[in-house]
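Subject: A structure for you to look at

Hi,

Here is the structure I promised to pass on. Please open it in your viewer, and then read on for what turned up in it.

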Amino acid sequence: MKYVLIGLLRLYRAFISPLYGQVCRYHPTCSAYALDAVREYGSIKGSWLAVRRLVRCHPWSPGGYDPVPPRTSANPTPTQGA
């Protein structure tokens with residue numbers, strides 16, 4: 001499923017996105033964000049992150065730099081000397 005979503009996002013970016021021009025308030029654009037999120041987190045969580053981003057993208061949004069959040073480690077490494 002992940003690769004199907006990646007393919008659809010690439011098709012959107014290649015054929016539909018150029019029709020709109022530079023209208024995105026965020027960097028990276030919402031389609032680039034969705035592509036990165038699906039690559040990083042898989043189809044379910046990546047799609048959820050992309051939907052959350054699309055909901056935040058509205059005329060009253062300040063926009064700006066909003067990258068995909070980094071993965072957090074479930075098991076942090078213990079500190080040396082503790």
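Let me start with the cysteines. The sulfur of cysteine 57 has its closest cysteine sulfur in cysteine 30, at 4.0 Å, which is too far for a bond. Please keep in mind that this is a predicted model. Cysteine 57 itself is partly exposed, at 29% relative accessible area.

What is the closest cysteine sulfur to that of cysteine 30? That sulfur belongs to cysteine 24, and the distance is again 4.0 Å, too far for a bond. Cysteine 30 has a relative accessibility of 14%, so this residue counts as buried. A disulfide is a covalent bond between the sulfur atoms of two cysteines. Here the cut-off is a sulfur pair within 2.5 Å, and a search of the whole structure gives zero disulfides.

Now for the overall picture. The protein chain has three helices and two strands, and along the sequence they follow the pattern α-β-α-α-β. Of its 82 residues, 28% count as buried. The chain exposes about 6300 Å², with carbon and sulfur atoms supplying 62% of that area. Among contacts with a separation of 6 or more, 67% are between residues 24 or more positions apart.

Which helices supply the lining of the largest pocket? Helix 1 (2–20), helix 2 (30–41) and helix 3 (43–56) each supply at least two residues. Helix 1 gives the largest share, with six residues. By class, the lining holds 12 nonpolar, six polar and one charged residues.

Is it buried or exposed? Serine 31 is buried, at 10% relative accessible area. Beyond its neighbours within four places in sequence, serine 31 is in contact with Leu9, Tyr12, Arg13 and Ser17. Serine 31 and serine 17 are 14 residues apart in sequence, and their C-alpha atoms are 8.2 Å apart in space.

Serine 43 is in helix 3 and is buried, with a relative accessible area of 18%. Leaving aside neighbours within four places in sequence, its contacts are Met1, Lys2, Leu5 and Val38.

One last item concerns the backbone. Most peptide bonds are trans. Histidine 27 and proline 28, however, are joined by a cis peptide bond, with omega at about 0°. Proline 28 lies in the loop between strand 1 (26–27) and helix 2.

Best wishes

Terms used:
Residues numbered from 1 in each chain as written. Predicted model: local features only at pLDDT ≥ 70, side-chain atom pairs only at ≥ 80, totals over all residues. Heavy atoms only, no water. Helix = DSSP H or I, 4+ residues; strand = E, 2+ residues; numbered from the N terminus. Nonpolar A, V, L, I, M, F, W, Y, C, P; charged D, E, K, R; others polar. Buried < 20%, exposed > 50% of the residue type's maximum accessible area, 1.4 Å probe, protein only. Contact = heavy atoms within 4.5 Å. Areas by Shrake-Rupley, 256 points an atom, 1.4 Å probe, with all protein chains shown as cover.
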